Amino acid sequence: MNDTEFNRQPTVIPDIVAETAALSFNMMSEAKVGALLAVLAASKPGGRLLEVGTGTGHGTAWLLSGMDATATLDTVDTDEAIVAVARRYLGRDRRVTFHVTDGAAFLTKDGLQPFDLIYADAWPGKFSHLDEALSLLRPGGMYVIDDLLPQANWPEGHALNVPKLLREIEGRSGFVSVRLAWASGRMLVVRNTG
C-alpha cells in the first residue's frame, strides 16, 4: 500500500498547486491531508462544514470533493489575494461560501449555527479561539487540525504552542481525540456530548 497515490484527486488540484507555487505561498495543505478531509466530509451527508484557513483552496477543493450535493462549506481567510486563487477554481460551486475576514472574528460572530466538521488550518480556531471553535461543533461533529509535527514553514511561536494545544484538547470532557503522527501531524477530535 502506498499512501501517496491518489486515484480520485480533485481535477483543479494541479492548477491550484501551480498558482500556489507561483505566489510562493508555502502554507498549502498536503495531498494526504486533503484525501483525509475528503473522506471525513463524505461522512457528513447534508452537513455544515467550516474551514478556517482557506489559503489558495487546496484543502477546500478536497473538502468539496467529499461533500454531497446538500452539504455546505464556509471557508475563512484574511488574505484576499491568496483566496482569489481558491475563488477562481472553486467559486462556481454553490456549496461553498468564502469569507475574507479574520478567523477569530468569524468564530465569535453572533448567530453562527453549529457545524458537523471543522478543519482549523490557521492560528484562530487552533492556537487562539479554541473554545469558540469547539463550541460550534454538533454532537458527533469532528474537529481536525494539522501541522502538529515540526515543519520548516512554521511561523514563530508555533512549536511552543503545539504541546499546550494537545494537552488542552485531551484534557477536555465531552470530546474524544486521536493523535495521528502522519503527514504534517494531525489530531482528530469528536464531540461526544451535547
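Predicted model: local features only at pLDDT ≥ 70, side-chain atom pairs only at ≥ 80, totals over all residues.
Residues are numbered from 1 along each chain as its sequence is written, and side-chain values use heavy atoms, with hydrogens and water left out. Helices (H or I, at least four residues) and strands (E, at least two) are DSSP runs, numbered from the N terminus.

The strands E4 and E5 belong to an open sheet of seven strands, with mixed pairing and the order E3-E2-E1-E4-E5-E7-E6. Strands of a sheet pair through backbone hydrogen bonds, either parallel or antiparallel. Strand E3 (96-100) and strand E6 (175-180) stand at the edges; each has a single partner strand, so one side of each is without a neighbour in the sheet. From one strand to the next, the twist averages 15°. Strand E1 (residues 48-52) is mostly covered, as four of its five residues are buried (under 20% relative accessible area, with a 1.4 Å probe and protein chains only). E1 runs parallel to E2, to which five bridges join it, and Leu-49 has Leu-73 in E2 as its bridge partner.

Helix packing was examined next. Helix H1 (residues 13-22) and helix H4 (residues 80-90) pack at an angle of about 160°, their axes being 10 Å apart. Axes are lines fitted to C-alpha atoms, for helices over the stretch in contact, and angles run from 0 to 180 degrees between N-to-C directions. H1 and H4 are therefore roughly antiparallel to each other (an angle over 145 degrees). Asp-15, Ile-16 and Glu-19 of H1 make the contact with Val-85, Arg-88, Tyr-89 and Leu-90 of H4, contact meaning heavy atoms within 4.5 Å. By class, four nonpolar, no polar and three charged residues take part in this contact.

H1 also packs with helix H3 (residues 58-66), at an angle of about 170° and with the axes 10 Å apart; H1 and H3 are therefore roughly antiparallel to each other. Here Ile-13, Ile-16 and Val-17 in H1 meet His-58, Ala-61 and Trp-62 in H3. The residues of this contact divide into five nonpolar, one polar and no charged.

How values were computed
Parallel < 35°, antiparallel > 145°, perpendicular 65-115°, else oblique. Nonpolar A, V, L, I, M, F, W, Y, C, P; charged D, E, K, R; others polar. Pairing = 2+ DSSP bridges. Buried < 20%, exposed > 50% of the residue type's maximum accessible area, 1.4 Å probe, protein only.
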